[in-house]
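Dear colleague,

Please find below the structure that I am handing over to you, with its sequence. My findings follow directly after it.

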Amino acid sequence: MTTAELTFAMQQTGLLEDPAPEAAERWIATFLEAFGTDLSLAEAVREIALLRTEATVIPALELERLRNRQVVFFLDGVAQYVDAQDELRDLPLAHDLPVIGDEFGIAHDDALAAVRMALTGRAEGPPLELLFPLLGYERIMIRIGAVSSRLLHGRGLEPIAHGPDGEPFETIQPQKPPDAGGGS
């Protein structure tokens, strides 16, 4: 798939105006870097449509994993981080998101997974460094707000007791932040 083919497919499906603005070319280049050129045009258009929605569907058990106070505070911290950025491209997210997670006792892998799940509803996908500029400020803020709202309203922060296999269910567990000092 080429940039020209994807541009044309987006225009044909109403996802992009004709002629395409200059900023769209940069967005399409980022999309191709994130998702690769091996997708079919139909798959690419589907992914673009998912990126353009304001909210995402999070599988029920994954939403339950996020259901605790520390994760809600962490996601709010991520929203504040995004809000403070002038540009979402080239952010050092692999470093910054775990550091924000440390503030709330969220393990590094759990921090990255929680952000990905909140933003995409998926456990895997393109690097977050590429997803952030694809989603943009507004969608990131809306999606994080929607997840926080889902977690806080209804049942609140009380997680389910058992998973579908009957085993006890645990949310992302907070841990003591790493010792930054060295001792006293």
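The second largest pocket of this predicted model has at least two lining residues from each of helix 3 (41–52), helix 7 (108–120) and helix 8. Among these elements, helix 3 makes the greatest contribution to the lining, with three residues. The volume of this second largest pocket is about 210 Å³. Its lining is made up of 17 residues, and those closest to the centre are Glu47, Leu50, Thr56, Thr120 and Arg122. By class, the lining of the second largest pocket comprises seven nonpolar, five polar and five charged residues.

I turn next to the largest pocket. Its volume is about 340 Å³, and 16 residues line it. Nearest the centre of the largest pocket lie Trp27, Pro133, Leu134, Leu135 and Gly136. Helix 8 gives the most, with seven residues. The lining of the largest pocket divides into eight nonpolar residues, one polar residue and seven charged residues.

The axis of helix 2 (residues 22–35) comes within 9 Å of the axis of helix 8 (residues 128–152), and the two cross at roughly 145°. The crossing of helix 2 and helix 8 is left-handed. On the side of helix 2, the contact is made by Trp27, Thr30, Phe31, Glu33, Ala34 and Phe35, while helix 8 takes part through Leu130, Pro133 and Leu134. Sorted by class, this contact has seven nonpolar residues, one polar residue and one charged residue. Trp27, Pro133 and Leu134, which belong to the contact, are also among the residues that lie nearest the centre of the largest pocket.

Finally, there are the aromatic rings. The structure holds two aromatic pairs. In one of them, tryptophan 27 and phenylalanine 31 have ring centres 5.9 Å apart and ring planes at 15°; planes under 30 degrees apart count as stacked, so this pair is stacked. Both residues of the pair, tryptophan 27 and phenylalanine 31, lie in helix 2, where they are four residues apart, about one turn of the helix. Trp27 and Phe31 are also part of the contact between helix 2 and helix 8.

With kind regards

Terms used: Residues numbered from 1 in each chain as written. Predicted model: local features only at pLDDT ≥ 70, side-chain atom pairs only at ≥ 80, totals over all residues. Heavy atoms only, no water. Axes fitted to C-alpha atoms, helices over the stretch in contact; angles between N-to-C directions. Left-handed = near helix turned anticlockwise from the far one by under 90°. Contact = heavy atoms within 4.5 Å. Nonpolar A, V, L, I, M, F, W, Y, C, P; charged D, E, K, R; others polar. 1 Å grid on protein atoms, 1.4 Å probe; cavity = no way out; pocket = protein on both sides within 12 Å on 5 of 7 lines; lining within 4 Å. Points joined across faces, edges and corners; volume = space filled by probe spheres on them. Phe/Tyr/Trp six-rings, centres within 6.5 Å; stacked < 30°, edge-to-face > 60°.
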